[in-house]
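Subject: Structure handover

Hello,

Here is the structure I said I would pass on. Please look through it first; my notes on what was found come after it.

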Amino acid sequence: MSFLQILLRSLRRHRLSGALALLSTALGVALIVAVVSFREQSHRQFETEGMGVDAILAPRGSALQVVLNSLYHLDEMPGTLPWREYERVRQDELVVEAFPFATGHSYSGFRVNAVEPRFFARFEHRPGRGLSFAPEDGGQGRPFDARGEAVAGWAAARTLGLTVGQTFHPVHGVRAGDPPHAEDALRIVGIMAPTGTPHDRVLYIPLASFYTLGGHGETVARMADHPGEREISGVYLRLRHIRGGALHPGIQQLKYEVNRRPAVQLVVPNEVLPQLLDIIGWADRVLFLLGTLVIGLGGAFLFVVLVTALREQRRDLALLRMLGAGRKTVFGLILAQALLLSLGSAILGLAAGHAVIAWGSQAVAQETGLRFSEGFLSTADVWTIPAMLVLGAVAGLFPAVQAYRMDVLEGLRA
């Protein structure tokens, strides 16, 4: 009987226990692969998402709350700021672009934010990449240019089934049960091409329309025609950069000057995002630890399977030795079983992990607008197969040594 025949025979004989060891280890691999991929992709998106927005002029309050609301369209702004603060900051020599915006409205679970028309012409969601309505990019229609018009982000339009020409009634608030502006019907004139950012999950209306929505009162309605009296939620700022793409060092002086004022603050997203990553990082660590524990249990199970297999095939190994096989051959036979099972676990775990990413990315995109790719190559993908082979070698080393030391006569009497 050849080396390969004995190897296959042993695997068939212990196919149930071997399959359980393989599946349990693969489950841990899949969990770790998915967690690491989601973590690395989310960190990369969080770190680059705000590159089109170097800073945010916002009302006093939580800087993290400001970033969540203005960039990711979650939570709420801590208040409002007067229009004169926008006028003041946009005149600073460091400011390249300034886009005022107003939040606080929604429609069927999606945010309805107010911006000026030039937002669609000048805003860059990533460096050098602006907002598009071109059909070849996946967009439809055009930007709004009148008060009764609106624009839908790609994901919002797709989820809600919105089409160009359709009307909707925005809700005064972002919570379930908030009252709608029943008398204000806004018409969709454009659907933005997908950007792969949270901006896909927003409906945009003209800033002037925001103030004239029913129920805001005469004082607020007056702001539509008198910009100097307006109150806004914040301002997206694109600032000067120096060589290498770094922000101009004068940003700290600008931040200091703005933060001295009582009603406003300057928030730099890249300074706040590490705080956000720390908050969500505990879930990564727990799932990673759970995956490691499952892999460890799978490795222990694999060890038991190999020890049991060694006891049951002692006679086969002794016969193999009688036919001229050396100690190294039987040592390699046991080790080969461990490596084969661990390699199978790695491959199955990688496939399952990327299937989880593909499934989970759809749910995450619907809830947050962040888009993940199952084709992303993470550090877990790179190290999974080598790590699992090492685990298999460790699990198979003791039974392989036992086979190496086995006495032929004792094996034949087994």
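In these notes, buried means under 20% relative accessible area, exposed means over 50%, and partly exposed is what falls in between (1.4 Å probe, protein chains only). This is a predicted model, so local features need pLDDT of at least 70 and side-chain atom pairs count only at pLDDT 80 or more, while totals for chains, interfaces and linings use all residues. Residues are numbered from 1 along each chain as its sequence is written, and side-chain values use heavy atoms, with hydrogens and water left out.

Overall picture

The protein chain has 14 helices and 15 strands; these are DSSP runs (H or I of at least four residues for helices, E of at least two for strands), numbered from the N terminus. Of its 414 residues, 49% are buried. The chain exposes about 19,700 Å², of which carbon and sulfur atoms supply 59%; accessible areas come from the Shrake-Rupley method with a 1.4 Å probe, and for residues only the protein chains shown count as cover. Taking contact to mean heavy atoms within 4.5 Å, 77% of the contacts between residues at least 6 apart in sequence join residues at least 24 apart.

Cores

A nonpolar core is a set of buried Ala, Val, Leu, Ile, Met, Phe, Trp, Tyr and Cys residues joined through side-chain atoms within 4.5 Å. The largest one has 41 residues, and Leu57, Phe168, Leu203, Ile205 and Leu237 touch the most other members. Strand E3 (residues 95-107) gives the most to this core, namely 4 residues. Another core lies apart from it, with 28 residues that include Ala58, Val66, Val151 and Met192. Beyond its neighbours within four places in sequence, Phe168 has contacts that include Tyr107, Val112, Leu203 and Ile205.

Helix H3 is largely enclosed by the rest of the structure, because 8 of its 10 residues are buried. Among them are Leu64, Val66 and Tyr72. At the start of H3, a side-chain oxygen of Ser62 comes to within 3.4 Å of the backbone nitrogen of Leu64. That is a polar contact: a pair of N or O atoms within 3.5 Å, where within protein one must be able to donate a hydrogen and the other to accept it, and residues adjacent in sequence count only if both atoms are side-chain atoms.

Gln265 lies in strand E15 (residues 264-267) and counts as buried at 9% relative accessibility. Its side chain reaches the backbone oxygen of Pro59 at 2.9 Å. Setting aside neighbours within four places in sequence, the residues in contact with Gln265 include Ser62, Ala63 and Val66.

Positive phi values

Most residues other than glycine have a negative phi. His73, which follows H3, has a positive phi near 55°. Asp75 also has a positive phi, of about 55°; Asp75 sits in the loop between H3 (63-72) and strand E2 (81-82) and is partly exposed, at 39% relative accessibility. For Ser108, in the loop between E3 and strand E4 (110-115), phi is positive and near 50°.

Surface patch

Leu343, Ile347, Ile385 and Leu389 form a nonpolar patch on the surface, with about 280 Å² of accessible area together. Helix H12 (327-368) and helix H13 (379-405) each give two or more residues to the patch. Ile347, in H12, is partly exposed, with a relative accessible area of 48%.

Regards

Technical notes:
Patch = residues over 30% accessible without salt bridge, like charges linked within 9 Å, V, L, I, M, F, W, Y side chains within 5 Å. Salt bridge = Lys/Arg side-chain N within 4 Å of Asp/Glu carboxyl O.
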